[in-house]
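Open the model in your viewer and keep the selection tool ready. This tour goes from stop to stop and says what to pick next.

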Amino acid sequence: MAPFLRKDRGIILAYDQGLEHGPSKDFTEKNVDPSAIIDIAEKGGFTGLVFQKGVAENYYRGKVPLILKLNGKTSLPGGEPFARQNCSVKQAIDLGAKGVGYTIYPGSAYEHEMLAEFGKIQEEAHKAGLAVLAWVYPRGATIKNDTASDIVAYAARVGLEAGADAVKIKYSGDKQSFSWAVKSAGKAKIFMSGGPKAPTDDDFLNQVRGVIEAGATGIAVGRNVWQNDDPLKMAASLRKIIFSE
Ligand code: FBP
């Protein structure tokens, strides 16, 4: 994970929502252009940037270390979530990525497919010296509350067991329960996933404080930064909490 860390912490900007949610749900004139997001990542001191391959091919300019997402899905089908691999490790390397990302939905009727696919990617990426980040989002008919503390800790542990260097999980709502998730992940580093934009900046910053106090490595978020009226001000507040700078 070294390329994505500063002082052993990380602040990663995620921008794959165009695939996951569609432009009309998440984007405005201000953030529909991937170049604007790269500007935020560069000026905002982000330690990593997440793209799908099409955006990386067309826009990535090399300054902020790239995590290439190797799977993804749209929100259109509904039903049990399943995101199959859509990009190779080799392509990630060719695009300049220092890490690869893959989403696993534990609880989905298709979790076995994703665990198997992730296993192969993990081996290939590690052989090539790339970091492997797992988005672990428990979902499916049996998951009633994906931020319940036992479910969040389970997600963290799935990341460790599956061989991820870092695991991106939802916040469980308080630092005590989140610190159990961090412990459950062992040597895998925990990054909090942001979710929809919080009602106020303070709501989000307090959440991030809880995450860091719980021992997590950092955050890997999108909407709470680039949907903010002042993304660079938000980035500065986040850096203050995460790096004490
Ligand atoms: P946000 O901080 O905007 O939630 O981004 C994090 C992320 O994991 C993205 O990488 C991804 O596009 C999105 O959340 C998926 O969200 P969901 O599966 O909850 O709809």
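## Stop 1: charged side chains

Select Arg6, Lys7, Arg239 and Glu245: salt bridges link them in a network. A salt bridge here is a side-chain nitrogen of Lys or Arg within 4 Å of a carboxyl oxygen of Asp or Glu. This is a predicted model, so local features need pLDDT of at least 70 and side-chain atom pairs pLDDT 80 or more, while totals for chains, interfaces and linings use all residues. Residues are numbered from 1 along each chain as its sequence is written, and side-chain values use heavy atoms, leaving out hydrogens and water.

Zoom in on Glu245 and Lys7. Their salt bridge spans 3.6 Å, N to O. Glu245 lies in the segment after α11 (231-243) and Lys7 in the segment before β1, so the pair ties together parts 238 residues apart in sequence. Helices (H or I, at least four residues) and strands (E, at least two) are DSSP runs, numbered from the N terminus.

## Stop 2: aromatic rings

Next, select Tyr15, Phe27, Phe51 and Trp226. Ring pairs link them into a cluster. Rings of Phe, Tyr and Trp (its six-membered ring) pair if their centres lie within 6.5 Å; planes under 30 degrees apart are stacked, over 60 edge-to-face, the rest tilted.

How are the rings of Tyr15 and Phe51 placed? Their centres are 6.2 Å apart and their planes at 75 degrees, so the pair is edge-to-face.

Turn to Tyr15 and Trp226. This pair is edge-to-face too, at 5.4 Å centre to centre and 85 degrees between the planes. Tyr15 sits in the loop between β1 and α1, Trp226 in helix α10 (residues 223-226), 211 residues apart.

## Stop 3: the ligand

Finally, select the ligand. Which residues are closest? Among the 16 residues that surround the ligand, the closest are Asp16, His21, Tyr137, Gly195 and Arg223. Pick Arg223: an N or O atom in its side chain is 2.7 Å from a ligand oxygen.

Methods. A residue is near a molecule or strand if one of its heavy atoms lies within 4 Å of it. A polar contact is a pair of N or O atoms within 3.5 Å; within protein, one must be able to donate a hydrogen and the other to accept it, and residues adjacent in sequence count only if both atoms are side-chain atoms.
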